[in-house]
Amino acid sequence: MPSALTFPPELITRLRNQEQAAFNALVQKSHFRLLGFAGSIAGKELAEDIMQDAWIAIWRGLPGFEGRASLTTWLYTIVRNECAARLKKEGRMVLLQESADRSGQLEDWMQERFHEDGHWNESQPHWTMNTPEAMLEEQELQDCIDKNIIKLQKSQQSVFRLRELEQLPLDEVCNILDLSHSNVRVLLHRARLRLLQVIDHYQVSGEC
Amino acid sequence: MLKCRDISLHTSDYLEKSLPANQRLAFAFHLLMCGRCRDFVRHMEKAIATFNELEPTEMSRDDAEVLGEVIVAKASDAENRKSE
């Protein structure tokens, strides 16, 4: 099952008419995804609160949703705006512009994996689960990836959620996060490299 | 001449087809010559395919009903206060 949120046209029509049951279905489907996204921008401690305001804004905005962007993009844009408004109120900045990996994990990985001359110092780890299907059958691995998505640096996590989980086009990711193409590409790659390390480790050790 | 380290840094751009033509050619040429980089790129491709299929966690129907109704009630409270 693809991870991206999808909404049938019939549900979208009912949402525009502000039908309570359709709204409940939207909440059921997307709350945790949007909550995770809010957490990636504003931090876990503010995310629940922000989502309350975001859901109210979503409910109010539904009759005017014109479908120029996908519903997914529209939802994430509202959540992003609510995060920005809340952070401003708290006197904090939205720090999505950073592209450096402050944790230094990437640099450590580089040092471990490459000789000084820029070549790999060993073969790639042997993967026992060699297809996406095999990896997706392993619930523990999925849980491990989920756990490590939350641990990604915030800006990497925001980009990763929009691009990999929702599979939004890069242009839309840039628009929602108000980031340049090159910044989004760097953040996405760093997130992927980090999670590839997680998969490598699991494949070799069977542990998260 | 690209080094393996360069390949590891630009794999996403290669897979997203966002490398300029000359760099893409150099990347592909390096892959032809280097088994370790081919394995790395394959692993990255499989990892991305896995991320794209991760199952979203849904809220329970009961919890969603409660939350949905609370939100709508709050929205209409605020509307009422505004019109008073």
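Is C4(B) buried or exposed? And which cysteines pair up in a disulfide?

Modeller: Keep in mind that this is a predicted model. C4(B) counts as buried, with a relative accessibility of 2%. Now the pairing. A search of the whole structure, over all chains, turns up one disulfide. C144(A) and C208(A) form that disulfide. Their sulfur atoms sit 2.2 Å apart, within the 2.5 Å cut-off for a disulfide. The torsion about the S-S bond of C144(A) and C208(A) is about 85°, so the disulfide is right-handed. C144(A) belongs to helix α7 of chain A, residues 139-151, while C208(A) is in the segment after α10 (181-205) of chain A, so the bond ties together parts 64 residues apart in sequence.

The two partners can also be described by accessibility. C144(A) counts as buried, at 2% relative accessibility. C208(A) is partly exposed, with a relative accessible area of 46%.

C174(A) counts as buried, at 7% relative accessibility. C4(B) is in no disulfide either. Its nearest cysteine sulfur, in C37(B), lies 3.7 Å away. A disulfide needs the sulfur atoms within 2.5 Å. To return to your opening question, C4(B) is buried, at 2% relative accessibility.

Conventions
Residues numbered from 1 in each chain as written. Chains lettered and ligands numbered in written order. Predicted model: local features only at pLDDT ≥ 70, side-chain atom pairs only at ≥ 80, totals over all residues. Heavy atoms only, no water. Helix = DSSP H or I, 4+ residues; strand = E, 2+ residues; numbered from the N terminus. Buried < 20%, exposed > 50% of the residue type's maximum accessible area, 1.4 Å probe, protein only.
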